[in-house]
Amino acid sequence: MTDSIAQPIIDREALLIELVDETGHAVGACPVAEAHQAPGRLHRAFSVLLFDTAGRVLLQQRAAAKTRFPSLWANTCCGHPAPGEPVAAAAARRLSEELGLTAVLTEAGIYRYRAEDLRTKRVEFEWDHVLIGQLDVGTPRPDPDEVADYAWVQLDALRDALASDPDAYTPWLAGVLDVADHARGTGMSLR
């Protein structure tokens with residue numbers, strides 16, 4: 001007899017996500033897989049960036065099994081809120097699920113982008129809420145189905161790496177960093 005209860009396997013591609021119009025207002029819902037089929041459907045998403053007290057950012061290498069941009073380095077975590085779900089709550093949930101971490105998250109702004117993954121033939125077309133936070137305690141405990149590796153990186157080294165080897169990173173990472181940099185430059189608190 002075991003003390004733990006087996007967790008149900010979730011097909012993340014079948015989960016419903018919120019479709020939005022060009023101004024970010026909800027206009028419907030569809031499964032994740034459908035939203036990411038070419039040419040893509042504009043939908044709500046989030047990208048989290050966690051910083052440490054030294055100003056480094058936590059990156060994750062996406063698992064090889066990901067259906068979009070597998071094995072590339074990305075922001076701390078990202079995902080999609082369910083229709084009507086508060087973005088910050090969804091982001092905190094995914095941060096815990098993917099990396100076993102908790103942090104206070106603050107919305108820094110929106111990054112709208114479209115990117116095609118030529119390897120998997122999928123499309124990201126996202127109204128992306130960028131959330132930032134500071135990790136004071138805790139060590140990442142990545143879910144191997146989601147995260148292949150992680151690294152703490154100085155921002156200037158990351159900017160240099162993005163310029164010299166952009167194909168190692170997700171196409172949204174630079175834009176997400178720009179939104180976070182702007183917010184942090186205006187004095188936005190990470191708490």
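**A threonine, a proline and a helix pair**

Reader: Which residues does T76 touch?

Author: Contact here means heavy atoms within 4.5 Å. Leaving out residues up to four places away in sequence, T76 touches V48, L49, L50, L58, Q60, L95, E98 and L99. Before we go on: this is a predicted model, where local features need pLDDT of at least 70, side-chain atom pairs count only at pLDDT 80 or more, and totals for chains, interfaces and linings use all residues. Residues are numbered from 1 along each chain as its sequence is written, and side-chain values use heavy atoms, with hydrogens and water left out.

Reader: Is T76 buried or exposed?

Author: T76 sits in the loop between β5 (73-74) and β6 (77-79). Buried means under 20% relative accessible area, exposed over 50% (1.4 Å probe, protein chains only). The relative accessible area of T76 is 0%, so T76 is buried.

Reader: And P144, buried or exposed?

Author: P144 is in a loop too, the one between β8 (122-134) and β9 (147-153). With a relative accessible area of 63%, P144 is exposed.

Reader: How are α3 and α4 oriented to each other?

Author: Helix α3 (residues 155-164) and helix α4 (residues 173-185) pack at an angle of about 150°. Angles run from 0 to 180 degrees between N-to-C directions, with axes fitted to C-alpha atoms over the stretch in contact. Over 145 degrees counts as roughly antiparallel. So α3 and α4 are roughly antiparallel.

How values were computed. Helix = DSSP H or I, 4+ residues; strand = E, 2+ residues; numbered from the N terminus. Parallel < 35°, antiparallel > 145°, perpendicular 65-115°, else oblique.
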